[in-house]
Amino acid sequence: MLVLGIESSCDETAAAVVENGTKVISNEVVSQIDIHTLYGGVVPEIASRCHVEAISSLVRKALEPVGGIQNIDAVAVTYAPGLIGALLVGVNFGKSLAFAAGKPLVPVHHLRGHIAANYLTDPTLTPPFTALVVSGGHSHIVNVGNHTTFTVVGKTRDDAAGESFDKVARVIGLGYPGGPKVEKAAATGNPSAIRFPRTHFADNEFDFSFSGIKTAVINYVHNAQQTGTEINIPDVAASFSAAVTEVLADNATKAAARFNKKLVLAGGVAANGTLRKRLKKECKEKGVQLFMPDLRYCGDNAAMIASQGYYEFLAGHTADETLNAYANMSIEENPF
């Protein structure tokens, strides 16, 4: 079964074709990073306009290896969560294409797609497992019962991990996008140079909080500026990165060890080398089997949407021309 995936939830326009949920036939992505770097972050209106400009030719290119839309069995599109204007571009294009071609329309939750990126990397992976989903806007620990059943067991109570990377990067003068730039700076820094706080909760040991560490970095930088002390940017980056990845890895491996002994990493922050290294170490210590997506599938892409779309279609989760986009929606919901 061939599924066309369409992704436009933030600042990447993407289209892909995936066979039976695991075999990537095509995977096209147009990034807007260079544009948004000028503004220090994603500008929603600009993102939407860029999606409009790119989506038609990108989908056409993704369909070339299979001979066109007539050979596709279903159209899967990201409909939540994300920037509402950006989502609407993909949803409306997907609806129109599916209607015109007489193909089933499959709505896909963006975070479910990130988890499905692991099926592309390792086709032998099957639920149940525990997933650590870490991106610019989300930090979740999710128990995946089957391909379309998800239960959140832990999440951030304030900032997401990716969001804190972006904010800290701006504070220490690295700019946007924060994640890769903090990781690059941290490579030459001392992770033990500064002891930034690690937050844990007594009422839910799997929840996260990253606003405290973000504030701690801001205060550290401001104090240094006020006293005329030179800031060692690599040390700050390394110490901050160590604190965030320690909490992420500790909570996630603890959850996986308790529930099913399998941990899956997902989301844009899954590309972070420090986090991947920490997870390998802790999973080995706790006897947990670890699955991580290829780096090319960590960021937003449509192959992951097509993959999850395959399983959503098999579960009967299809929509009609009334499908709408939603800026916020729990990964647990199955509205179709």
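How are helix 5 and helix 8 oriented relative to each other: roughly parallel or roughly antiparallel? Helix 5 (161-171) and helix 8 (residues 233-259) pack at an angle of about 175 degrees, with 11 Å between their axes. The two helices are therefore roughly antiparallel to each other, a term that covers angles over 145 degrees, whereas those under 35 degrees count as roughly parallel. Axes here are lines fitted to C-alpha atoms, for helices over the stretch in contact, and angles between N-to-C directions run from 0 to 180 degrees.

The structure is a predicted model, in which local features need pLDDT of at least 70 and side-chain atom pairs count only at pLDDT 80 or more, while totals for chains, interfaces and linings use all residues. Residues are numbered from 1 along each chain as its sequence is written, and side-chain values use heavy atoms, with hydrogens and water left out. Helices (H or I, at least four residues) and strands (E, at least two) are DSSP runs numbered from the N terminus.

The contact between these two helices can be described residue by residue. From helix 5, A161, S164, F165 and V168 meet F240, S241, V244 and L248 of helix 8, contact meaning heavy atoms within 4.5 Å. Six of the residues in this contact are nonpolar, two are polar and none is charged. In this division Ala, Val, Leu, Ile, Met, Phe, Trp, Tyr, Cys and Pro count as nonpolar, Asp, Glu, Lys and Arg as charged, and the others, Gly among them, as polar.

Helix 5 also holds E163, which is partly exposed at a relative accessible area of 26%. Partly exposed lies between buried (under 20% relative accessible area) and exposed (over 50%), computed with a 1.4 Å probe on protein chains only. Leaving aside neighbours within four places in sequence, E163 is in contact with S135 and G136. E163 and K214 are 51 residues apart in sequence, and their C-alpha atoms are 9.5 Å apart in space.

Both residues belong to a network of salt bridges that links D159, E163, K167 and K214; a salt bridge is a side-chain nitrogen of Lys or Arg within 4 Å of a carboxyl oxygen of Asp or Glu. D159 lies in the loop between strand 8 (149-155) and helix 5, and K214 lies in helix 7 (residues 211-227), so the pair ties together parts that are 55 residues apart in sequence. D159 is buried, with a relative accessible area of 9%, and K214 is buried as well, at 14%.

By the same rule the count comes to 16 salt bridges. One of them joins E312 to R112, at 2.8 Å from N to O. This pair links distant parts of the chain, with E312 in helix 10 (residues 303-314) and R112 in helix 4 (residues 110-121), 200 residues apart. Both E312 and R112 are buried. A further salt bridge, between E45 and R49, has an N to O distance of 3.0 Å. E45 and R49 are four residues apart in helix 2 (residues 44-63), and therefore separated by about one helical turn. E45 is partly exposed at 46% relative accessibility, whereas R49 is exposed at 54%.

Strand 1 (residues 2-7) and strand 4 (residues 74-80) run parallel and are joined by four bridges, with I6 opposite V77 in strand 4.

Another open sheet of five strands has the order 8-7-6-9-10 and mixed pairing. Strand 8 and strand 10 (289-291) are its edges. Strand 7 (residues 139-146) and strand 8 run antiparallel, joined by six bridges, and form a hairpin with two residues between them.

Methods:
Two strands pair if DSSP finds at least two bridges between them. Angles under 35 degrees count as roughly parallel, over 145 as roughly antiparallel, 65 to 115 as roughly perpendicular and the rest as oblique.
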